[in-house]
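Open the model in your viewer and keep a selection panel at hand. The stops below each begin with something to select.

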Amino acid sequence: MGEPDLFKSGVENQWCPGCSNFGILTALQQALGKLGKRPHEVCLVSGIGQAAKLPHYLAANVFNGLHGRAIPAATGISVANPTLTTIVTSGDGDLYGEGGNHLLHALRRNPNLTVVVHNNELYALTKGQASPTTPLGEKTRLQFQGVEIEPLRMLAVAILQDAPFVARGFAGEIPTLSEILVQAIAQPGLSIVEVVQPCLTWGAHPAAWYRERTAPVPANHDPHDREAAIRLANDRERIWIGVLYRGTPRPVFASRYHDRTGRRPLAELPPLNPAEIARRLEPFRVKRTDVKEEKP
Amino acid sequence: MDLSVVIAGAAGEGVQTVGELFSRAALQEGYAVFGFQEYESRIRGGRSSFRIRLTSSPLNAPRLDADLLLALNPDAARAYRPLLRPDGLLLTDGEAGATPAPGTASLPFRRTAEALGDRRMANTLAAGSLAALLGMGPGSLDRAVTTLFGGKSREVEEKNLAAARRGIALFAEARVAGRKWAAPPKEAPSEAYLLTGNDALALGASAAGCRFMSAYPMSPSTEIITALARNEDLGVFTEQAEDEIAAINMALGASAAGARAMTATSGGGFALMVEALSLAGMIETPIVIVLAQRPGPATGLPTRTEQGDLLFALHAGHGEFPRLLLAPSDPRDAFEKMVRAFNLADRYQVPAIVLSDQLLADSLFTLSDLPVDRARPEPALARPGGAPPYQRYRLSPDGVSPRLYFGQGEDLVVVDSDEHDEAGHLTEDLAGMRPRMVEKRLKKGLALRAEIAPPETYQIEGAETILVGWGSTRGAIREAVDRRRTRGERVGALHFTELWPLPDVSLPKGARFVAVEGNATGQFARLLSSEYGLAFSGAVRRYDGLPITAQEIERGLDGRA
C-alpha cells in the first residue's frame, strides 16, 4: 500500500462542487497508491472537457492535449517511454465522439494504456448537448425534441474486438471503481473502463437514479465469455458494474521494437553513428573506377 | 552539352525499372544523371515517363523534351512523340523493320523476352539496348542490374544479367542508323550518390536521431516512412496511423515522452494536422513535419509537383506561435536540413516543417557527397533533478525553458493545450500569465531567427537581373543563369532554403528581381515583398503540375525582355 497523499495535487479544482468526477479522481489516486506507483512513473493523458481536466488534479506527468486526441498522444507516449504507466482520462464526448476513430484503432493496436471514460451521457463543458452515449429520446439543450440517433455502445464494440480488459465502474462507488482500476492498470495492453458519471448540473437524472439501476456483475459471470460480456454491456435495464470482459492475450503494441531496445525510453537510445549512416548510403553510391577496371 | 532520354509507358509496365537501371548504368559510365518521374494517379495503365538527363557534370535540373524516346507501347509512342527533338530517335518495341521511318527504330523486346522464358525481362532488355545505343559497356549495366536485383535472389539476378546482355546484342544486331544526337563527355565524379529526395529525408531523419515516425500514406511523401520501415536497423519506430490527425498526435506524444519524432504528408493530410501543429506551438513540443507538396486545391493532382503550400505552411494553425520552415533544394540539402530541422525544433521547442515537393521527392539526383559526418544530432533536453519545483514553462530571457520528458527523472512534467502557467497548469490570469506566455513563445521565434542561414547567392556580382527562388527549383534556376551568362547577360540568382523565420539579408541595389516559383499566385514573392519590402519586376510561375525548367525560366525572361 502506497502513501495515500502521494498523488494529491495542489492545483485549484474547477469542477462543480459535488461533481461525480471527484469520485473518479479519488478512485484513481487510490488505485495508483495500491499499485505502489510513484507520481513520476505515471503519465496522465486527456483531451478537452471537464473530465479532461482530471490530470491536473492528480500529481503525475500530464499531457492535456487536443479534443479527441488523447489516445494517439498516449499511444506515442507509451511507445516512447515504455517504463511509464500511461493512463487516458477523458469524457465520452472526447473519446467516443471527437476521437471515436482513434479508440477503434487502439482496439486494433493494443497499446499499453488504460483508458478511463468518464461517461456523463452529455457534453457538460459546452452546457448540456447530447453526447454519443445520450439515450434515445432524452431532451437536451440542443436536441430539444429529444435525441433521435442511437447511443454508441462502445464497451460492446471493445468486447467484440477482443480488448484485453473491459470494465464498467460507477463514480458513486469509489472502492469498487478503485479495485477495477487496479486491475485495469495492471493488465498489459489496452484496458477500457467506462465510468458512469452522473452530471449534477446538466444531467437528466440525479445520481440516485443511476445508483438504483446499477448492480455488480453476477458472481458467476465468466469474463472470458464474449457473448455473455456483450449481453451485460448492452443491457438497457441494468448497469452492470465490474469486469465485463478479458480478451485473449496478444502482443502489446510496439513490443517487437521494445524487445530489440530493451524496453528503454527511446530518448536513452544512443544515436546511430556516422559509420552506420554511411553504410546505409552504400546502396545509393556508384563508384565509377570499379567499372573501368572491369572493362577489357 | 546534355542528352535527354525519356522512357515512356503505362503504369505497371516497367518504366521505373528501365529508368533506374539505365540511370545507374549511366552514372557508372561517367555521366551525371538527373531522373525526373512523372506518372498518373493510378496503379495500372495510363501514361508515365522517366525523363533521364545525362550531363557531363551534375546539373540536377529537369529537362522535359527528349533526344531519345523509348516507348514501351504504341500509345506511349504517340503520346510522348511531341517531346522528341527534330534530330531525336524514337525507339519502340516491335520487329526491326528493313526500312524504318526516319528517326525511328524498333527492337523486339517482348518477343525476345518471351523467347527467354519470362515476359518481365522485356524491361531489362530495353535497358540493355538503351545503354548500347549510348555506347555503354556491359560492365556498367551489369553492376546496375546487380544493385537493383541482387537483393532478390541469385536466380532473378542472373536472369536479368542475361537479359541485359541480350538487350545490348539486340541493338548491335539491328544496326540502328541515323544517329544525329551526341552524348556529352563523361566527366562525372568518380564516386557519386544517386538518390531521391525521399531517400535523403529518411536517412537524414535517422542521422538526426529520429526514433519515432507515424504517418498516413500520401503521395508524394509515403516513401519516407517506407524507407524507415524497410530498414529497421535505422532504429526508427514506424507506425501507419489511421489518419493524419492520429499521425501527428502520436508523434507529439512520443516527442513529449522524449523521442525525436516526425511525420510526413502532403497538402490534404497537412490540412488535417493543422490543429495539432498549433498544439505543438502551445505545448512547445518539438516535431518535424515533412510537407511534400503536390498541386491542390483538395485532391488536386496527387502525383504531380507544385510549390503551392508555402503560405499555407507558414500560416497554418490557429493562434500565434513560432515555427521553422525549411525547403531543401536537393537530396544533399534534404539530408542536412532534416538534421537541422530536428536540432532546431529541439533547441527552440517549436514545430519544424520541411517543405518538399514531388520533384524533389521522386527525382534521382547525382550528388558527389553527403554531409554524413557534419550533420549530427544535438540533443537539447535538460537534465532532471534541478532545484524543485520543476516548471516545464519557466520564463527565461530567450523564452526557451529547460525541457524534461515524461519519466526522465522524478520531476513531474505537465504540458497543456490550454493557456498555462509556468508549471503547465491551466490559467486564466489575463493580466499576468497570459501576456507573459504569449511573449515567451514569440521570443523563441526571435532567437530562432538568429540561427537562420542567409540565401545562397549565385553569380550575383554585378547582376542586372536576379532570379529569386526557393526549394527544389535551385537546379533549374542555376542552369538558366549559366545559359544567360554564356550569352553575356548579367543574370544572377538568390536562392532560399530557409524560409521562416526569414533571415536578415542585404539585397543588391539596382538589380531587377524576378521571382521563380511553382505556383500561380507568387506566394514567395508576396512573402518577400511584405517582409523585405522587395519589389519584383517580373515572375516565372508554373502550375501545370510539371517542374520548372531552365527553358521555362528563359522563356519567361524573354517574354519580359
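Select helix α1 (residues 15–29) and helix α5 (residues 138–149) of chain B: they pack at an angle of about 130°, with their axes 8 Å apart. α1(B) and α5(B) are therefore oblique to each other; angles under 35 degrees count as roughly parallel, over 145 as roughly antiparallel, 65 to 115 as roughly perpendicular and the rest as oblique. Axes here are lines fitted to C-alpha atoms, for helices over the stretch in contact, and angles run from 0 to 180 degrees between N-to-C directions. Helices (H or I, at least four residues) and strands (E, at least two) are DSSP runs, numbered from the N terminus.

This is a predicted model, in which local features need pLDDT of at least 70 and side-chain atom pairs count only at pLDDT 80 or more, while totals for chains, interfaces and linings use all residues. Residues are numbered from 1 along each chain as its sequence is written, and chains are lettered from A and ligands numbered from 1 in the order in which they are written.

Stay on this pair. α1(B) passes α5(B) in a right-handed crossing (left-handed if the near helix is turned anticlockwise from the far one by less than a right angle, right-handed if clockwise). On the α1(B) side, show Glu20(B), Leu21(B), Arg24(B), Ala25(B), Gln28(B) and Glu29(B); on the α5(B) side, the contact residues include Leu141(B), Ala144(B), Val145(B) and Leu148(B). Two residues are in contact if their C-beta atoms, placed from the backbone, lie within 7 Å. Coloured by class, the contact of α1(B) with α5(B) has 6 nonpolar, 3 polar and 4 charged residues. Ala, Val, Leu, Ile, Met, Phe, Trp, Tyr, Cys and Pro count as nonpolar, Asp, Glu, Lys and Arg as charged, and the others, Gly among them, as polar.

Thr17(B), Val18(B), Leu21(B), Phe22(B) and Ala25(B) of α1(B) take part, with Ala127(B) and Leu130(B) among the residues from α4(B).

Zoom in on strand β2 (residues 61–64) of chain A, which pairs with β15(B) in the parallel sense over 3 bridges. Two strands pair if DSSP finds at least two bridges between them. Phe63(A) has Val415(B) as its bridge partner in β15(B).

Next, select the open sheet of 7 strands in chain B, ordered β9-β8-β10-β11-β13-β12-β19, with mixed pairing. β9 (237–240) and β19 (498–500) of chain B stand at the edges, each with a single partner strand, so one side of each has no neighbour in the sheet. From one strand to the next the twist averages 20°. Inside the sheet, β10 (residues 260–265) and β11 (residues 287–293) of chain B run parallel and are joined by 4 bridges; Thr263(B) stands opposite Ile289(B) in β11(B). α10(B) lies across β10, β11 and β13 of chain B, at about 155° to β11(B).

Last, select the open sheet of 5 strands in chain B, in the order β16-β18-β17-β20-β21, with mixed pairing. β20 (residues 512–517) of chain B pairs with β21(B) in the parallel sense over 4 bridges, and Ala515(B) stands opposite Ala539(B) in β21(B). Helix α15 (residues 474–486) of chain B packs on the sheet, with its direction at about 170° to that of β18(B).
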